Number of protein chains: 2
Amino acid sequence: MRQAGRYLPEYQEMRKRHSFAQLCTTPDLAVEVSLQPYRRFGFDAVIVFYDILFLAQSMGAPVEFTEAGPVFRRPVAEERDLDALHPPDVHGLDPRTGTGAILRVIGSLRSELPRSTAVLGFAGGPFTMAGYLLGGAFERSGERIRRLIHDRPSFVHRLCERLAAATAEYLEAQVAAGADAVQLFDTWAGVLGPEAFREFALPYEKAALKKAAEAGAPTILYINGGSHLLEDMRSSGAAVLSLDWREPLARARSRLGGGISLQGNLDPAALFATPEEVLRLTRSMLESLSGDPAYIVNLGHGILPETPISSVEAFVRAVKEFQAREKPPSPGSSES
Amino acid sequence: MRQAGRYLPEYQEMRKRHSFAQLCTTPDLAVEVSLQPYRRFGFDAVIVFYDILFLAQSMGAPVEFTEAGPVFRRPVAEERDLDALHPPDVHGLDPRTGTGAILRVIGSLRSELPRSTAVLGFAGGPFTMAGYLLGGAFERSGERIRRLIHDRPSFVHRLCERLAAATAEYLEAQVAAGADAVQLFDTWAGVLGPEAFREFALPYEKAALKKAAEAGAPTILYINGGSHLLEDMRSSGAAVLSLDWREPLARARSRLGGGISLQGNLDPAALFATPEEVLRLTRSMLESLSGDPAYIVNLGHGILPETPISSVEAFVRAVKEFQAREKPPSPGSSES
């Protein structure tokens with residue numbers, strides 16, 4: 001999940017001098033921003049600072065980052081818009097695309113950080129990227145793409161196919177550049193029911209994740225509001241399912257059984273509680289999966305702007321205390 | 001679910017001369033708009049044309065209906081905003097509030113329509129109304145109210161309490177005015193995980209529904225994106241759970257068991273498919289619950305603007321054909 005951003009004063013300092021896109025696409029700046037939360041909180045992994053839509057930009061669809069979110073000023077509306085998309089130059093260093101910059105950032109982070117700290121790459125799910133490309137922006141429950149999968153299904157399929165091929169290539173390049181694991185954020189696929197999900201999202205998630213897995217990196221799939229898709233998400237082939245805050249982890253584990261890892265899922269909004277309450281909620285989440293060996297502690301979505309730093313500290317403290325307590329007692333110890 | 005609106009030419013004709021708020025709050029106009037879809041399609045029930053936020057307006061919070069959705073220009077931000085809210089005059093005929101007008105509309109519809117056609121009233125869930133009042137408008141996953149339930153929980157509780165009391169009174173008045181059943185649209189409660197739902201939405205749903213049920217009317221609860229809350233929704237005391245398009249009906253039935261009715265849930269976006277595909281999807285939905293006696297056919301959310309009328313016709317045709325086929329054969333009939 002997104003670690004850096006507007007809640008950090010050191011990030012806001014850099015934002016005074018650079019646009020969001022500049023921070024993402026200038027390797028030195030992106031390395032610095034990626035490391036800011038690691039330096040402050042000592043996380044076990046560092047996620048590259050980046051936006052999923054640069055890949056679409058690298059395919060010929062310029063994206064603009066506004067206060068209200070990312071927008072494609074020229075949505076893919078007609079056949080000719082689809083035809084105008086080209087395979088991305090994932091290694092290209094043109095700052096107007098930004099894809100190649102992220103590969104350099106991954107390489108720098110990997111060589112700079114200790115081996116015990118994982119470097120995480122990521123990309124957007126093809127369905128989610130298609131939603132942005134088709135609609136300009138995502139509204140509420142994705143009405144535009146939900147309409148289009150019924151109105152012009154083959155058009156949506158062709159767009160998703162192209163995006164999946166590009167994403168597969170990009171994730172593979174991220175692994176080659178040094179990413180220890182890669183995440184696929186199919187954030188908006190939760191607007192689909194299971195039948196539509198299996199037709200318009202799942203096959204493209206599989207295609208996008210396959211090469212990265214073959215390259216030896218664990219893959220992580222995230223969907224927001226995807227409780228109703230949990231069993232289907234498993235079919236994606238991802239090694240880890242990353243859950244939003246809505247689905248209790250213990251219930252997810254009981255639905256899925258073993259053989260797959262879980263990641264998540266404290267509500268990022270819970271970080272607006274008092275530090276004591278953050279400690280309590282985090283402990284309660286950890287205890288709900290106590291003893292589960294296949295679990296990565298995380299939030300259930302990206303950290304929100306204005307999140308108090310004291311809350312992130314409380315979150316990390318709860319996790320470290322829990323880890324220390326859960327360690328098997330040494331021989332002769334009197335711990336219960 | 002919303003039946004009338006921008007997809008009907010006869011509605012658009014009326015909108016040329018009247019604002020949305022005028023149509024809702026002028027009894028003669030609201031009766032006419034409510035009847036438009038009934039006349040055209042012959043539904044088994046008529047839903048009053050209305051908006052859930054008039055109730056908040058009747059409590060002293062003026063609402064504005066914009067192209068992007070309803071907005072409170074003066075959100076409830078401070079204690080003094082909360083204190084300024086007053087119990088609604090639910091019977092009041094001041095056109096600036098609109099609550100009393102709807103009671104008249106219900107009365108007129110009930111006396112005008114045959115007994116076999118149900119008249120449905122409704123109101124917004126207290127949590128959902130609170131979300132609008134606190135934030136001005138609902139953004140994506142309700143970040144503002146999700147933050148506030150952690151940052152200022154007692155403030156949110158006090159607002160929801162007041163809204164629940166007003167809603168209970170209003171639903172009871174709708175039943176007294178002639179509504180055969182009432183729906184509670186807690187549309188946005190699906191942004192909460194189960195624990196937060198049980199604290200900030202469920203108690204207020206219960207309180208809102210109780211009096212209407214005591215007055216003898218069946219109650220229906222709808223939540224959008226609430227698959228993860230299905231078992232908790234049952235605790236609301238609603239006689240019917242109305243599901244969005246994400247949760248397959250047969251799976252919901254198997255999760256819930258018997259003793260409760262289901263309503264839903266074709267994706268309104270599916271009405272942008274060809275009529276043949278709409279027939280196929282509707283039949284498939286009906287067959288998935290075949291033989292279930294406690295089921296009300298509906299869409300999974302309000303009908304979308306620009307929906308082709310031929311699709312609504314196909315939807316209704318599929319239901320009527322299915323009903324005719326499912327009728328028990330008369331003695332001596334050779335039907336299989």
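Axes here are lines fitted to C-alpha atoms, for helices over the stretch in contact, and angles run from 0 to 180 degrees between N-to-C directions. Keep that in mind for the helix pairs below, all taken from a predicted model.

**View 1. Helices H14 and H15 of chain A, packed together.** H14(A) and H15(A), the latter covering residues 309-326 of chain A, pack at an angle of about 40°, and their axes are 8 Å apart. The two helices are therefore oblique to each other, and H14(A) passes H15(A) in a right-handed crossing. On the H14(A) side, look for Pro275(A), Val278(A), Leu279(A), Thr282(A), Arg283(A), Met285(A), Leu286(A) and Glu287(A). They meet a set of H15(A) residues that includes Ala314(A), Phe315(A), Ala318(A), Val319(A), Phe322(A) and Arg325(A). Sorted by type, the residues of this contact come out as ten nonpolar, three polar and five charged.

View 2. H8(B) spans residues 143-151, and its residues Ile145(B), Arg146(B), Leu148(B), Ile149(B) and His150(B) are buried.

**View 3. Helices H3 and H6 of chain A.** H3(A) (residues 27-41) packs on H6(A) (residues 99-112) at an angle of about 50°, with the axes 9 Å apart. That angle makes H3(A) oblique to H6(A), and the crossing is right-handed. H3(A) brings Pro27(A), Ala30(A), Val31(A), Ser34(A) and Leu35(A) to the contact. H6(A) answers with Ala101(A), Arg104(A), Val105(A), Ser108(A), Leu109(A) and Glu112(A). The tally for this contact is seven nonpolar, two polar and two charged residues.

**View 4. The open sheet of chain A.** Seven strands line up in the order S1-S4-S5-S6-S7-S8-S9, with parallel pairing. S1 (45-47) and S9 (295-299) of chain A stand at the edges with a single partner strand each, so one side of each is left without a neighbour in the sheet. From one strand to the next, the twist averages 25°.

**View 5. Strands S6, S7 and S8 of chain A, zoomed in.** S6(A) (residues 219-223) and S7(A) run parallel and are joined by four bridges. Tyr222(A) has Ser242(A) in S7(A) as its bridge partner. S7(A) (residues 240-243) is also joined to S8(A), again running parallel, by three bridges; here Leu241(A) has Leu262(A) as its bridge partner. Five of the six residues of S8(A) (residues 261-266) are buried, so this strand is largely enclosed by the rest of the structure.

**View 6. The open sheet of chain B.** Chain B has an open sheet of seven strands in the order S1-S4-S5-S6-S7-S8-S9, with parallel pairing. Its edge strands are S1 (45-47) and S9 (295-299), and each pairs on one side only. The twist averages 25° from one strand to the next. Asn265(B) stands opposite Asn298(B) in S9(B).

**View 7. Ser116 of chain B, out in a loop.** Ser116(B) sits in the loop between H6 (99-112) and S4 (118-124) of chain B. Its relative accessible area is 65%, so it counts as exposed. Ser116(B) is 72 residues from Asp44(B) in sequence, yet the C-alpha atoms are 7.4 Å apart in space.

Notes. Residues numbered from 1 in each chain as written. Chains lettered and ligands numbered in written order. Predicted model: local features only at pLDDT ≥ 70, side-chain atom pairs only at ≥ 80, totals over all residues. Heavy atoms only, no water. Parallel < 35°, antiparallel > 145°, perpendicular 65-115°, else oblique. Left-handed = near helix turned anticlockwise from the far one by under 90°. Contact = heavy atoms within 4.5 Å. Nonpolar A, V, L, I, M, F, W, Y, C, P; charged D, E, K, R; others polar. Buried < 20%, exposed > 50% of the residue type's maximum accessible area, 1.4 Å probe, protein only. Pairing = 2+ DSSP bridges.
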